[in-house]
Amino acid sequence: MKKIATRDAYGKALVELGRENPDVVVLDADLAKSTKTIEFAKHFPERFFDMGIAEQNMIGTAAGLAAAGKIPFCSTFAIFATGRAFEIIRNSVAYSRLNVKIAASHAGITVGEDGGSHQSVEDIALMRSLPNMTVLVPADAVETRAAVRAAAQIQGPVYIRLGRPGVPVLHGDDFHFEPGRAVVMREGDDATIIATGIMVATALEAAGLLEQEGIGVRVVNMHTIKPLDEEAVIAAARETGVIVTAEEHSVIGGLGGAVAEAVCACHPVPVYRVGLPDVFGESGKPGELLEKYGLTAAHLAARVREAVTKKGRR
Amino acid sequence: MDGEKIKRLEEKARKIRRHIIRMTGAAGSGHPGGSLSSADIVTALYFEVMRIDPQNPRWPDRDRFVLSKGHAAPVLYAALAERGFFSVEDLLTLRRLGSPLQGHPDMKKLPGVEMSTGSLGQGLACANGMALAARLDGRDYRVYVLLGDGEIQEGMVWEAAMAAAHYRLDNVTAFLDHNGLQIDGPVARVMSVEPVAEKWRAFGWDVQVIDGHSMEEILQAVEKARAVRGKPQMIVAETVKGKGVSFMENMVEWHGVAPKPDEVERALAELA
Ligand SMILES: Cc1ncc(C[n+]2csc(CCOP(=O)(O)OP(=O)(O)O)c2C)c(N)n1
Ligand SMILES: [Mg+2]
């Protein structure tokens, strides 16, 4: 299957947007080659601002640009975008409901060798906790392009989570993206995997493995963490009786947290969260780390098998 | 100054540069440029200046070194191994799964690492904290910090600079690896930090500007810094990114790319 990194798709989408809308401006913090904003910089140098290694200043500047009518896209690694600049995002962007887009690359453990200091496994939780913030986690290149375009349309702050490695292209060109509306990638009655980002492809693979054993798994691609598609979550709970969430993120506060909150309130069924179990990441090859932390199709299938046996018990 | 000592240190720095090349080459990733530019400073600190005991890495009276520009981990690891904190063979595990030699320094995993770094801009504040603790505990250890010239674009660096002067932390000595390059290009083009010496002076620091590849100047500057009372000291070290490997020198491309096997060979030949 063809693989494209979501950050590469982001770089391309930005150039497209830049052509269509002169109000789109882009900021980076000395990582333009890695986040791919360099593409926009090449085409529209006068609308690109490298702020240097100063993430807080980048977000604050974007808030000002937005207050004056521009549509700023800010990029750096997810750890620095959401971590270093969190309180500026909270007060100058989200609290002020300004039209700032934060598109952060190198999220999760697939950052690889740089290690735990650079692997953001809490950014979804941080961004999801903010009122007014929309949180998008595209699963592939097609979805990334759509998410970037949708973000430009949304009036208000948007967080887009992007990754470093190539990921399989799951959608055709006819794919329709609607923020807040989950995509059922595959039907099944025995369990549901709700996945986001790179884990959507893994979930599909796991569902394929389980099908051979006669376990039918629904795979829901939750590309929007906020606002969460509660309808899709409740439907999964009601119709399949057990949910396994899958994300390249801490099990605390991200997709798993959001799904569990919705399920608890509306239709309690067991929810198993697959992700990083309250630990920091570490150095290693991306594939080795996914294996170690159980973010592979085989591990995910094992969790679903286990979940199915617990189904319906009180 | 003692010519023999200088020669010994220069030879050690060359050895550390060779380790940097071998380690990043073996890892297939990492940051050779900024490791090479600070090799002479780090060598001087670990092999002449600092009061440390590799057998007793948590000795309360030891001098501390904080590698604020944490991506230069290879130079720190090479110095620690050469100094005897762990085996030189371990260097080749850099960035591997399970290795204590993480991509960026992790104080919980590797003896001799005083502070976990990698997110730029945070090291000076941590150094200040150690220096304040020394004062509270009546200890005479000193804290050394290494900052990148791109790194000082971070606002937090200047918050810490202000605090160090405010609290008269004369037990803090910082080095600025003034190699003129960051990731997106020359510092002057991305986001100018000049004039650096004047900025640190204006923030209340004692400032010296030296050739960061002259062992003699590094040692003399540290000597002078130690004698300063009532002020933290900044040593602006004029350096060359990639220093010692001709095809890496002053090349922004070598910030975060590892040498391939044939490049390792060529680099090692130059550093023989
Ligand atoms: C807070 C933060 N933002 C961004 C990065 C990514 N990054 C790693 S090294 C680097 C450039 C550093 O340049 P400089 O400080 O001049 O280091 P040197 O030239 O000595 O390698 C950047 C932007 C980071 N590690 N931390
Ligand atoms: Mg530099």
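Trainee: Where is A:Lys36 found?

Mentor: A:Lys36 is found in the loop between α2 and α3 of chain A, where helices (H or I, at least four residues) and strands (E, at least two) are DSSP runs numbered from the N terminus. Keep in mind that this is a predicted model, in which local features need pLDDT of at least 70, side-chain atom pairs count only at pLDDT 80 or more, and totals for chains, interfaces and linings use all residues. Residues are numbered from 1 along each chain as its sequence is written, chains are lettered from A and ligands numbered from 1 in the order in which they are written, and side-chain values use heavy atoms, with hydrogens and water left out.

Trainee: What is the phi of A:Lys36, and what makes it worth noting?

Mentor: Phi of A:Lys36 is near 80°, which is a positive value in a residue other than glycine. A:Arg97 also has a positive phi, of about 45°, although it is not a glycine, and it lies in the loop between α6 (86-94) and β5 (101-104) of chain A.

Trainee: Why is the pair of A:Lys36 and A:Asp8 called a salt bridge?

Mentor: The rule asks for a side-chain nitrogen of Lys or Arg within 4 Å of a carboxyl oxygen of Asp or Glu. Side chains of opposite charge can pair when their charged atoms come close. By this rule the count over all chains comes to 29 salt bridges.

Trainee: How many salt bridges are there between chain A and chain B?

Mentor: The count between the two chains is 2 salt bridges, and in one of them the side chains of B:Arg95 and A:Asp114 meet at 2.8 Å, N to O.

Trainee: How do you know how many residues the two chains bring into contact?

Mentor: Contact means heavy atoms within 4.5 Å, and by that test 24 residues of chain A are in contact with 26 residues of chain B. The area buried between the chains, meaning the accessible area (1.4 Å probe) that two parts lose on being put together, summed over both, is about 2000 Å², of which carbon and sulfur atoms give 45%. A:Asp30, A:Ile53 and A:Arg84 supply 30% of the area that chain A buries against chain B, more than any other three residues.

Trainee: Which ligand lies between chains A and B, and which residues come nearest to it?

Mentor: Ligand 1 lies between chains A and B. A residue counts as near if one of its heavy atoms lies within 4 Å, and of the 25 residues around ligand 1, A:Glu55, B:Lys69, B:His71, B:Asp149 and B:Lys241 come nearest.

Trainee: Which peptide bonds are cis, and what are their omega values?

Mentor: Among them is the bond from A:Lys226 to A:Pro227, with omega near 0°, and A:Pro227 is found in the loop between β12 (224-226) and α10 (230-240) of chain A. Another is the bond from B:Glu194 to B:Pro195, with omega near -5°, where B:Pro195 has its place in the loop between α7 (187-190) and α8 (196-202) of chain B.

Trainee: How confident is the predictor about chain B?

Mentor: On the scale of pLDDT, the predictor's confidence in each residue from 0 to 100, the mean for chain B is 98, and 100% of its residues reach 70 or more. The model scores ipTM 0.97 and pTM 0.97.
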